[in-house]
Amino acid sequence: MRGTTAAGGPASSSGNGGGRTLTVFAAASLKKSFSAIGQQFEAAHPGTRVAFSFAGSSDLAAQIANGAPADLFASADTATMDKVTGAGLADGAPADFATNVLTIAVRPGNPAGIRALADLARPGLKLVDCAPQVPCGAAAQAAAISAHVALAPVSQESNVTDVLGKVISGEADAGLVYVTDARGAGGKVTAVPFPEAGSAVNRYPIAVLRDGKDKELAREFADYVAGPEGRKVLADAGFGAP
(Lines give C-alpha, C1' and ligand atoms only; values in the text may rest on other atoms or scores of the structure.)
Protein backbone atom coordinates (compact mmCIF):
# COMPACT_ATOMS: atom_id res chain seq x y z
CA MET A 1 0.00 0.00 0.00
CA ARG A 2 1.31 3.40 -0.93
CA GLY A 3 0.57 6.01 1.73
CA THR A 4 1.17 9.71 2.22
CA THR A 5 3.68 11.34 4.46
CA ALA A 6 2.61 13.49 7.39
CA ALA A 7 3.39 16.49 5.24
CA GLY A 8 1.06 15.19 2.52
CA GLY A 9 3.59 14.03 -0.10
CA PRO A 10 4.08 10.52 -1.44
CA ALA A 11 5.95 8.08 0.76
CA SER A 12 8.96 6.19 -0.60
CA SER A 13 10.60 3.06 0.69
CA SER A 14 13.88 4.87 1.26
CA GLY A 15 12.39 7.83 3.12
CA ASN A 16 14.07 11.21 3.10
CA GLY A 17 17.61 11.07 1.71
CA GLY A 18 17.97 7.38 2.46
CA GLY A 19 16.47 7.78 5.95
CA ARG A 20 13.78 5.79 7.72
CA THR A 21 10.12 5.47 6.77
CA LEU A 22 7.41 4.64 9.29
CA THR A 23 4.02 3.37 8.11
CA VAL A 24 1.11 4.06 10.46
CA PHE A 25 -2.41 2.68 10.05
CA ALA A 26 -4.78 4.92 12.04
CA ALA A 27 -8.51 5.35 12.57
CA ALA A 28 -10.18 7.96 10.37
CA SER A 29 -11.05 10.09 13.41
CA LEU A 30 -7.33 10.55 14.06
CA LYS A 31 -6.49 12.02 10.67
CA LYS A 32 -6.12 15.66 11.61
CA SER A 33 -4.37 15.02 14.93
CA PHE A 34 -2.02 12.31 13.72
CA SER A 35 -1.07 14.30 10.64
CA ALA A 36 0.02 17.13 12.95
CA ILE A 37 1.81 14.73 15.30
CA GLY A 38 3.53 13.11 12.33
CA GLN A 39 4.89 16.46 11.17
CA GLN A 40 6.22 17.17 14.65
CA PHE A 41 7.77 13.72 14.87
CA GLU A 42 9.51 14.16 11.52
CA ALA A 43 10.90 17.51 12.67
CA ALA A 44 12.23 15.91 15.86
CA HIS A 45 13.71 12.97 13.92
CA PRO A 46 15.57 14.34 10.88
CA GLY A 47 15.65 11.91 7.99
CA THR A 48 12.47 10.16 9.13
CA ARG A 49 9.26 10.10 7.10
CA VAL A 50 5.86 9.11 8.49
CA ALA A 51 3.37 7.59 6.02
CA PHE A 52 -0.26 7.28 7.11
CA SER A 53 -3.21 5.21 6.00
CA PHE A 54 -6.45 6.52 7.52
CA ALA A 55 -9.67 4.49 7.35
CA GLY A 56 -12.25 2.79 9.52
CA SER A 57 -10.53 0.77 12.26
CA SER A 58 -12.20 -2.49 11.22
CA ASP A 59 -11.07 -2.02 7.61
CA LEU A 60 -7.50 -1.36 8.73
CA ALA A 61 -7.51 -4.40 11.01
CA ALA A 62 -8.64 -6.54 8.09
CA GLN A 63 -5.87 -5.14 5.90
CA ILE A 64 -3.29 -5.92 8.58
CA ALA A 65 -4.64 -9.46 8.90
CA ASN A 66 -4.29 -9.83 5.13
CA GLY A 67 -0.63 -8.83 5.22
CA ALA A 68 -0.71 -5.10 4.41
CA PRO A 69 2.67 -3.60 5.38
CA ALA A 70 2.49 -1.37 8.44
CA ASP A 71 4.61 -0.62 11.49
CA LEU A 72 1.90 0.69 13.83
CA PHE A 73 -1.85 0.43 14.28
CA ALA A 74 -3.93 3.03 16.14
CA SER A 75 -7.53 1.92 16.61
CA ALA A 76 -10.62 3.87 17.67
CA ASP A 77 -11.60 1.15 20.14
CA THR A 78 -10.14 -1.72 22.10
CA ALA A 79 -12.42 -4.36 20.55
CA THR A 80 -10.90 -3.87 17.10
CA MET A 81 -7.39 -3.81 18.52
CA ASP A 82 -8.18 -7.06 20.36
CA LYS A 83 -8.73 -8.75 16.98
CA VAL A 84 -5.25 -7.73 15.88
CA THR A 85 -3.55 -8.74 19.11
CA GLY A 86 -5.62 -11.94 19.34
CA ALA A 87 -4.33 -12.96 15.93
CA GLY A 88 -0.76 -12.51 17.13
CA LEU A 89 -0.16 -9.53 14.82
CA ALA A 90 1.09 -7.10 17.47
CA ASP A 91 4.58 -6.90 18.93
CA GLY A 92 3.91 -6.34 22.61
CA ALA A 93 0.84 -5.04 24.38
CA PRO A 94 -1.12 -2.05 23.03
CA ALA A 95 -1.21 1.17 25.04
CA ASP A 96 -4.25 3.45 25.37
CA PHE A 97 -3.45 7.03 24.41
CA ALA A 98 -6.81 8.84 24.17
CA THR A 99 -10.56 8.62 24.66
CA ASN A 100 -13.45 9.94 22.59
CA VAL A 101 -17.24 10.17 22.82
CA LEU A 102 -20.04 10.69 20.36
CA THR A 103 -22.05 13.80 19.66
CA ILE A 104 -24.86 14.58 17.22
CA ALA A 105 -23.70 16.58 14.22
CA VAL A 106 -26.42 18.63 12.56
CA ARG A 107 -26.51 21.34 9.92
CA PRO A 108 -25.33 24.78 11.08
CA GLY A 109 -27.88 26.40 13.35
CA ASN A 110 -29.66 23.08 13.95
CA PRO A 111 -32.66 23.72 11.64
CA ALA A 112 -34.18 20.34 12.56
CA GLY A 113 -34.35 21.36 16.22
CA ILE A 114 -32.59 18.25 17.52
CA ARG A 115 -32.07 18.44 21.28
CA ALA A 116 -31.67 14.83 22.38
CA LEU A 117 -30.77 11.38 21.09
CA ALA A 118 -34.47 10.46 21.05
CA ASP A 119 -35.07 13.16 18.44
CA LEU A 120 -33.06 11.11 15.95
CA ALA A 121 -35.92 8.60 15.84
CA ARG A 122 -38.43 11.15 14.55
CA PRO A 123 -40.25 10.04 11.37
CA GLY A 124 -38.80 11.59 8.24
CA LEU A 125 -35.52 12.65 9.81
CA LYS A 126 -32.51 11.54 7.76
CA LEU A 127 -29.98 10.06 10.17
CA VAL A 128 -26.58 8.68 9.18
CA ASP A 129 -24.21 6.77 11.44
CA CYS A 130 -21.37 4.27 11.20
CA ALA A 131 -21.86 0.60 10.44
CA PRO A 132 -22.05 -1.53 13.61
CA GLN A 133 -18.71 -3.25 12.98
CA VAL A 134 -16.96 0.14 13.02
CA PRO A 135 -16.06 1.60 16.46
CA CYS A 136 -18.22 4.70 16.02
CA GLY A 137 -21.11 2.45 14.98
CA ALA A 138 -20.68 0.17 17.97
CA ALA A 139 -20.65 3.24 20.22
CA ALA A 140 -23.83 4.55 18.57
CA GLN A 141 -25.57 1.23 19.19
CA ALA A 142 -24.48 1.21 22.83
CA ALA A 143 -25.69 4.77 23.37
CA ALA A 144 -29.04 4.02 21.72
CA ILE A 145 -29.54 0.97 23.90
CA SER A 146 -28.67 3.03 26.98
CA ALA A 147 -31.25 5.65 25.96
CA HIS A 148 -33.88 3.03 24.95
CA VAL A 149 -34.05 4.64 21.51
CA ALA A 150 -34.57 2.68 18.28
CA LEU A 151 -32.53 4.37 15.57
CA ALA A 152 -33.26 3.82 11.86
CA PRO A 153 -30.42 5.42 9.88
CA VAL A 154 -30.90 5.94 6.16
CA SER A 155 -27.23 5.09 5.65
CA GLN A 156 -24.43 3.46 7.63
CA GLU A 157 -20.88 4.36 6.67
CA SER A 158 -17.55 2.57 6.98
CA ASN A 159 -15.92 5.45 8.85
CA VAL A 160 -16.88 8.54 10.81
CA THR A 161 -15.44 10.92 8.22
CA ASP A 162 -18.06 9.80 5.70
CA VAL A 163 -20.85 10.29 8.25
CA LEU A 164 -19.70 13.85 8.86
CA GLY A 165 -19.41 14.46 5.12
CA LYS A 166 -23.05 13.53 4.52
CA VAL A 167 -24.20 16.01 7.15
CA ILE A 168 -21.99 18.76 5.72
CA SER A 169 -23.22 18.08 2.18
CA GLY A 170 -26.87 18.15 3.25
CA GLU A 171 -27.50 14.51 2.42
CA ALA A 172 -28.38 13.90 6.07
CA ASP A 173 -30.17 15.93 8.72
CA ALA A 174 -28.02 14.49 11.47
CA GLY A 175 -25.11 12.13 12.04
CA LEU A 176 -23.56 10.44 15.03
CA VAL A 177 -19.88 11.37 15.04
CA TYR A 178 -17.12 11.85 17.58
CA VAL A 179 -16.88 15.19 19.35
CA THR A 180 -13.43 15.59 17.80
CA ASP A 181 -14.82 15.32 14.27
CA ALA A 182 -17.55 17.86 14.97
CA ARG A 183 -15.00 20.25 16.46
CA GLY A 184 -12.65 19.75 13.52
CA ALA A 185 -15.44 20.64 11.08
CA GLY A 186 -15.66 24.14 12.52
CA GLY A 187 -18.76 26.03 11.47
CA LYS A 188 -19.76 23.43 8.89
CA VAL A 189 -21.84 21.60 11.51
CA THR A 190 -23.40 22.26 14.90
CA ALA A 191 -22.74 19.72 17.66
CA VAL A 192 -25.56 18.59 19.95
CA PRO A 193 -24.21 16.74 23.00
CA PHE A 194 -26.28 14.05 24.67
CA PRO A 195 -25.73 12.42 28.09
CA GLU A 196 -26.01 8.83 26.87
CA ALA A 197 -22.71 9.29 25.01
CA GLY A 198 -21.04 8.77 28.37
CA SER A 199 -22.17 5.14 28.33
CA ALA A 200 -20.09 4.46 25.22
CA VAL A 201 -16.67 6.04 25.72
CA ASN A 202 -14.17 4.78 23.15
CA ARG A 203 -10.61 4.14 24.27
CA TYR A 204 -7.94 4.49 21.57
CA PRO A 205 -5.03 2.02 21.74
CA ILE A 206 -1.86 1.98 19.66
CA ALA A 207 0.32 -1.06 19.02
CA VAL A 208 3.59 -1.85 17.29
CA LEU A 209 2.95 -4.53 14.67
CA ARG A 210 4.75 -7.85 14.53
CA ASP A 211 5.68 -7.63 10.86
CA GLY A 212 6.72 -3.98 10.91
CA LYS A 213 10.10 -3.16 9.39
CA ASP A 214 11.28 -0.72 12.06
CA LYS A 215 10.00 -1.65 15.51
CA GLU A 216 12.42 0.69 17.28
CA LEU A 217 11.13 3.71 15.38
CA ALA A 218 7.54 2.50 15.79
CA ARG A 219 7.94 2.40 19.56
CA GLU A 220 9.42 5.89 19.50
CA PHE A 221 6.37 7.15 17.60
CA ALA A 222 3.96 5.40 19.99
CA ASP A 223 5.79 7.00 22.94
CA TYR A 224 5.64 10.38 21.19
CA VAL A 225 1.86 10.07 20.72
CA ALA A 226 1.41 9.29 24.43
CA GLY A 227 3.96 11.90 25.53
CA PRO A 228 3.43 15.62 26.21
CA GLU A 229 3.74 16.69 22.57
CA GLY A 230 1.21 14.18 21.30
CA ARG A 231 -1.13 14.70 24.24
CA LYS A 232 -1.28 18.44 23.57
CA VAL A 233 -2.28 17.93 19.93
CA LEU A 234 -4.90 15.36 20.92
CA ALA A 235 -6.30 17.48 23.75
CA ASP A 236 -6.55 20.52 21.47
CA ALA A 237 -8.61 18.38 19.08
CA GLY A 238 -11.00 17.38 21.86
CA PHE A 239 -9.70 13.92 22.74
CA GLY A 240 -9.81 12.94 26.39
CA ALA A 241 -6.96 11.49 28.41
CA PRO A 242 -6.65 7.68 28.40
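**Exercises on a predicted model**

A121 touches V149 and A150, residues up to four places away in sequence not being counted; contact means heavy atoms within 4.5 Å. This is a predicted model, in which local features need pLDDT of at least 70, side-chain atom pairs count only at pLDDT 80 or more, and totals for chains, interfaces and linings use all residues. Residues are numbered from 1 along each chain as its sequence is written, and side-chain values use heavy atoms, with hydrogens and water left out.

**Exercise 1.** Find where A121 lies and state whether A121 is buried, partly exposed or exposed.

*Solution.*
- Step 1: A121 sits in the loop between β6 and β7 (strands are DSSP E runs of at least two residues, helices H or I runs of at least four, numbered from the N terminus).
- Step 2: Buried means under 20% relative accessible area, exposed over 50%, and partly exposed in between, with a 1.4 Å probe and protein chains only.
- Step 3: The relative accessibility of A121 is 39%, so A121 counts as partly exposed.

**Exercise 2.** Determine how the buried residues of helix α5 are arranged around its axis.

*Solution.*
- Step 1: In α5 (residues 160-169), the buried residues are V160, V163, L164 and V167.
- Step 2: Viewed down the axis of α5, they fall within an arc of 95° and therefore line one face of the helix; the arc is that of the directions from the helix axis to the C-beta atoms.
- Step 3: An α-helix has 3.6 residues a turn, so residues three or four places apart point the same way.
- Step 4: The cover over these buried residues includes β8 (155-157) and α6 (179-184).
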